[in-house]
Amino acid sequence: MTSAGGKRVGIIGAGIAGLVTAKVLRDDGFEVVVFDKEAAAGGVWIEARTYPGLRTNNSRDTYAYSDHPYPESADVFPTAGQVREYLASYVERFGLAALLRLSTEVTRVSEADNGFDLRVCGPEGIEDLRFDFVVVCAGVFSTPRLPIIDGGTEFGGRLLHSSRATDPALFTGRRVVVVGAGKSALDCAAWAGEHARECTLVFRRAHPMLPRFLPGGTPSDRIILNRFTESFFRYHRQSRIERFLHGPGRKLTERYWRAVSASMRFALRSPKVMVPDAPLPAGIESLGVSDEFFRMARRGRIALRRDSITAFPGGTTIELAGGDRLDADIVVFATGWRQELEFLAPELEKTVRGDGRFQLYRHILPPTLPRLGFIGYGSSDACQLSAEISAHWLSQHFLGELDLPGVDDMHSEIARVGAWLGEVMPARSEGYYLGPYLIHHIDELMSDMGLPVRRTDNFVSEYFDTLSPGRYADLTEERLQVRARASRRRRYVSAGRSLSGVAAFTMAYACYRRLRGRSA
């Protein structure tokens, strides 16, 4: 078995990706230190960054690590507070607190001989530390993006990003304008619709949204997180069935998505102005869950304006591109995030990002910086799971157990995947988001590690059941078996075998009936 030999790993960020990366690397024998500038672990879920009413897009069964399910007491779609409790229980259960250095910001990462130098600033002051490896888990939701609008600095009310709208009393009795139409915008508008004097949502285009529950009470993420549905998304590598669905059978695929889109609109009773311009999979990168918003809109508590703000002409007045004017005490911009890597030395940042995109093989590794990894930069519809599998992949690489292509081949693959992302998810073409292409991505990582891709014993459950994180709960043990050359092949009944079995049974039964008829 390969040993980490006490090699030191510095992890930047103690959110969802940073915590699971610390656990995986620690369990593989690395000496791990996790830095986070916040006073608490949890990343985007810490109390200082979560607005009132925030819940997960996923149900608790899919928004979890493989070996640590949510308690039954949690809501089906956990609240921000329940996510914080879940992450705290993960830290406690697996003894991660000793690895954390909170309230400590990494201000510079620079390359050194056989490793990296980190400059950190914390309660003990400024320190310079040396690590053999560095893993960036700082996330892509770290720096709010606020538009620059004429007259903004003279606005008589308050302008803030949605991530700063954390005070439950902020909207009470106020006139609120929320800018955007993604999940954060709809969540903030729903809260304002219930508590504010009046609320207006200003947006340029509508995005696809799911109800939390399907008819019968099934969580809606079940229709997205399975191999069957994912086959209707065009991945950059395709199976024979997928080549048919996106080639000769593309009309079938188009009808499928029109039906899904129509059922979503019907379930939400979506106002016409909130209907996306095109059916899925268009706009899939912005898909969210927001029942509360549509209920408030139906009650007339939220005014809907498909427009944009062009200026703040004075006082509390807002001027729209269409010529109308609104008055507001508070404007909340749910306008996304900038992906910053300011702590990386310029030569490192230039290597990691080029042409406006992250240049990461498998969304994890810069080809020419084999001791530097990124976890959480293949963000998906099930972030805990994609981060966990990525952490195993990176740990195996750091241990020298991963057989990777040459640098030129990795760069070619990055360019090919980048071109595909620009086509299928143009609103998030920076290369950090995989969204619904979760299972395909995990399959690639599992294949790289020499581990079984199929995680159940038959094709029916494999393709039609919801992807459960628990399918990967034995990954550490499986990797140990691969190291010991003692991996066992999983039993799996494929569709071909099932059809062959049915055909053989049918033929045997027909022969039996024929012989019985002759004897009679």
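Reader: How far apart are the mean positions of the positive and negative charges of the chain?

Author: Lys and Arg count as positive and Asp and Glu as negative, while His and the chain ends are not counted. The place of a charge is taken as NZ of Lys, CZ of Arg, CG of Asp or CD of Glu. In this chain, the mean positions of the 67 positive and 62 negative charges are 9 Å apart.

Reader: What kind of model is this?

Author: It is a predicted model, in which local features need pLDDT of at least 70 and side-chain atom pairs count only at pLDDT 80 or more, while totals for chains, interfaces and linings use all residues. Residues are numbered from 1 along each chain as its sequence is written, and side-chain values use heavy atoms, with hydrogens and water left out.

Reader: How many helices and strands does the chain have?

Author: Helices (H or I, at least four residues) and strands (E, at least two) are DSSP runs, numbered from the N terminus. The chain has 14 helices and 24 strands. Its radius of gyration is 25 Å, close to the 24 Å that the globule rule gives for 520 residues, so the chain is as compact as a globular protein of that length. The radius is taken over C-alpha atoms, and the rule is 2.2 Å times the number of residues to the power 0.38. Along its principal axes the C-alpha trace spans about 95 × 65 × 45 Å.

Reader: What percentage of the residues of the chain count as buried?

Author: Buried means under 20% relative accessible area, exposed over 50%, and partly exposed in between (1.4 Å probe, protein chains only). By that cut-off, 51% of the 520 residues are buried. For contacts, the cut-off is heavy atoms within 4.5 Å. Among contacts between residues at least 6 apart in sequence, 66% join residues at least 24 apart.

Reader: How should I read a helix such as H2?

Author: Start with its span: the expected value is 1.5 Å times one less than the number of residues. H2 (residues 80–93) has 14 residues and reaches 20 Å from its first C-alpha to its last, close to the expected 20 Å. Then look at its sides. An α-helix has 3.6 residues a turn, so residues three or four places apart point the same way. The buried residues of H2 are Ala-80, Gln-82, Val-83, Tyr-86, Leu-87, Tyr-90 and Val-91. Their cover includes helix H1 (16–27), strand E3 (100–101) and helix H9 (383–398). Just after H2, Gly-95 has a positive phi of about 60 degrees.

Reader: How many residues of H11 are buried?

Author: H11 (residues 438–448) is mostly covered, with 9 of its 11 residues buried. Among them are Leu-438, His-440, Asp-443, Glu-444 and Met-446. The cover includes H9, helix H4 (227–230), helix H5 (240–245) and helix H13 (475–483), along with strands E23 (379–380) and E24 (433–435). After H11 comes Gly-450, with a positive phi near 75 degrees.

Reader: Is Asp-355 buried or exposed?

Author: Asp-355 is exposed, at 81% relative accessible area. It sits in the loop between strand E20 (353–354) and strand E21 (357–358), and its phi is near 55 degrees, a positive value in a residue other than glycine. His-363 also has a positive phi, near 60 degrees. That residue lies in the loop between E21 and strand E22 (372–374) and is buried, at 8% relative accessibility.

Reader: Which residues does a cis peptide bond join?

Author: The bond joins Leu-280 and Pro-281, with omega about 10 degrees. Pro-281 is in the loop between helix H6 (250–268) and strand E13 (288–289). Ser-270 is found in the loop between H6 and E13 too; its relative accessible area is 19%, which means that it is buried. Beyond its neighbours within four places in sequence, Ser-270 contacts Arg-265, Val-275 and Phe-294. Val-273 lies in the loop between H6 and E13 as well, and is partly exposed at 30%. Leaving aside neighbours within four places, Val-273 contacts Phe-203, Ala-206, Leu-304 and Arg-306.

Reader: How far apart are Gly-13 and Val-136 in sequence and in space?

Author: Gly-13 and Val-136 are 123 residues apart in sequence and 7.0 Å apart in space, C-alpha to C-alpha. Val-273 and Ala-345 are 72 residues apart in sequence and 46 Å apart in space, again C-alpha to C-alpha. Gly-13 is in the loop between strand E1 (8–12) and H1, and is buried at 8% relative accessibility. Not counting residues up to four places away in sequence, Gly-13 touches Gly-18, Val-34, Phe-35, Asp-36 and Cys-137.
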